[in-house]
Amino acid sequence: MGSVADHNEIVVQVDNLSLEFTTSDGPVHALSDINLDIRSGEFISLIGPSGCGKTTLLRVIADLETHTAGDVRINGVSPGDARRQRAYGYVFQAPALYPWRTVRKNVMLPLEIMGLPRADQQERAARYLELVNLIGFENKYPWQLSGGMQQRVSIARALSVEPDLLLMDEPFGALDEITRDHLNQQLLELWRKTGKTVVFVTHSIPEAVFLSTRVVVMSPRPGQIMDVIPCDFPRDRTLDIRETPAFLEVAHRVREGLKAGHSYDDE
Amino acid sequence: MTMSDRLLRQGSFLPIAMVVLSIILIWYVGAIRLNSPQLIDRYEKNGIDWNFTQLATDAWKMERPVLPSPHQVGAELKKTVVDKAITSKRSLIYHAGITLSSSLLGFGLGTLLGIALAIGIVYVTTLDRSLMPWIIASQTIPILALAPMIIVVLGSLGITGLFPKSVISMYLCFFPVVVGMVKGLRSPEPILIDQMRTYSASATQIFFKLRLPSSIPFLFASLKVAIALSVVGAIVAELPTGGQGGLGARLLSGSYYGQITMIWAALIVASVVSALLVTLIGFFERLALRRLNGGQAVLA
């Protein structure tokens with residue numbers, strides 16, 4: 001695949017990574033021998049059925065989970081160091097907003113923790129709320145917002161830290177399809193504007209293919225990578241491309257990959 | 001909207017009125033039943049012919065009844081609450097003030113102690129394992145047995161007056177606060193704790209920005225229990241201190257002098273004080289919860 005990303009530096013480097021949980025029923029291999037390099041400016045989707053370890057992999061990158069073998073480097077340093085340097089922004093499945101904080105104050109939360117001057121906090125909150133089209137909602141409280149808007153606040157909050165790497169764990173999973181399409185388009189535009197590297201966990205094939213530069217197909221028990229599929233669509237793609245044969249072909253390949261991972265699981 | 005309007009509209013006025021009426025009715029009947037043996041004795045001794053009406057009227061206006069009737073307690077309350085100057089030692093307001101000050105001090109101290117212990121338990125694993133059994137054990141000791149000892153021990157150390165009484169209130173108050181705050185400080189969802197980790201927030205930042213605000217609803221639920229307990233504690237503490245005043249002292253002298261009506265009046269004032277304090281906490285609770293929910297009205 002001849003994308004520009006090939007020449008860019010590696011942001012996330014995963015080598016022979018394994019993660020084993022100890023449970024009362026014995027060890028569970030959540031991740032097994034994962035190898036993946038993610039380059040600057042890429043949009044990588046991790047897709048797979050429940051229990052395939054896609055979220056676990058994201059959490060290892062974010063230092064929310066510790067691997068038991070292999071190595072992970074973020075910008076050449078360990079996940080722990082990267083976390084302490086605030087090298088990434090993390091968007092969770094749920095908006096995880098604080099009900100007692102206004103939209104603006106929610107976006108300012110990580111900035112307060114970083115100890116930025118108040119004026120900078122406010123300036124950044126305004127800027128990133130504008131980026132996710134939430135001007136005019138700064139003084140609202142989370143309960144006054146729809147689910148989609150809440151998740152946009154959450155994205156603005158992750159961006160406000162100004163990380164080069166954005167980790168997103170099924171951020172639109174709980175939203176209806178119309179809202180999801182809309183947010184996918186907004187996210188793509190945001191990615192194009194900011195040039196961030198994105199690692200995006202999803203279990204929707206169209207979402208993965210539409211957003212990504214590469215789709216990583218994973219399978220469960222043990223969690224491993226089945227296929228890495230490039231999606232060489234132009235960066236300024238619109239939702240219409242989902243009807244094109246090229247798109248359907250990539251989606252088909254993703255589906256085949258998922259099926260291959262699933263086959264031994266059905267009997 | 002006035003209070004009575006709201007009560008009527010919610011349809012709770014009638015049920016409450018019915019309950020109050022039934023209690024008063026049962027009270028009057030009870031007064032006849034409990035006071036009649038004494039009266040009948042007296043009638044027979046003096047050879048007086050009596051009927052039920054006679055018995056009821058006499059039972060409701062006895063000077064030293066076993067159970068004073070509601071209007072007698074009412075008269076006693078009027079005499080000691082309304083008619084007496086609040087500086088008078090015979091004013092129940094004066095005594096309620098004494099009890100109130102020691103319960104509030106004890107409530108404050110107990111709340112602080114409870115919060116401090118809860119923070120210790122949540123943050124220090126050793127304390128979590130070692131402290132909780134002792135805290136629970138502390139509440140199994142009857143306060144009535146413990147109170148005189150606390151007063152005597154502190155008294156021999158030269159500490160007298162308000163403080164020893166507050167210690168007993170504190171002893172009762174801290175328990176619900178510990179239990180509620182431990183639960184409250186642990187209430188944030190894992191996702192919010194993870195999120196704080198991704199911001200690489202310090203333990204102090206997580207405490208003040210997330211755990212403490214999340215614990216507020218739990219704290220208020222505990223405070224409501226604690227404040228009622230603090231009044232109980234203060235009254236219990238006033239029993240062994242005897243003549244120094246307070247509603248507890250009034251209860252004690254009432255029973256010394258066989259003034260049952262006086263005991264009832266003091267009891268009623270004590271429960272009114274407790275009810276007012278619980279209502280006050282409830283008011284602050286609603287304010288706090290509203291703020292925590294971003295201005296959205298919530299049921300407390």
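Let me begin with what I mean by contact, which is that two residues have their C-beta atoms, placed from the backbone, within 7 Å. What you see above is a predicted model, in which local features need pLDDT of at least 70 and side-chain atom pairs count only at pLDDT 80 or more, while totals for chains, interfaces and linings use all residues. Residues are numbered from 1 along each chain as its sequence is written, and chains are lettered from A and ligands numbered from 1 in the order in which they are written.

By that criterion, 17 residues of chain A are in contact with 18 residues of chain B. On the chain A side, helix H2 (79–84) and helix H3 (103–114) each supply at least two residues, helices here being DSSP runs of H or I with at least four residues, numbered from the N terminus. The largest share, three residues, comes from H3(A). This side of chain A divides into 14 nonpolar, no polar and three charged residues, where Ala, Val, Leu, Ile, Met, Phe, Trp, Tyr, Cys and Pro count as nonpolar, Asp, Glu, Lys and Arg as charged, and the others, Gly among them, as polar.

Turning to chain B, the axes of helix H5 (residues 92–123) and helix H6 (residues 125–138) come within 8 Å and cross at roughly 140°, with axes fitted to C-alpha atoms over the stretch in contact and angles running from 0 to 180 degrees between N-to-C directions. H5(B) is therefore oblique to H6(B), since angles under 35 degrees count as roughly parallel, over 145 as roughly antiparallel, 65 to 115 as roughly perpendicular and the rest as oblique. The residues of this contact divide into six nonpolar, one polar and one charged.
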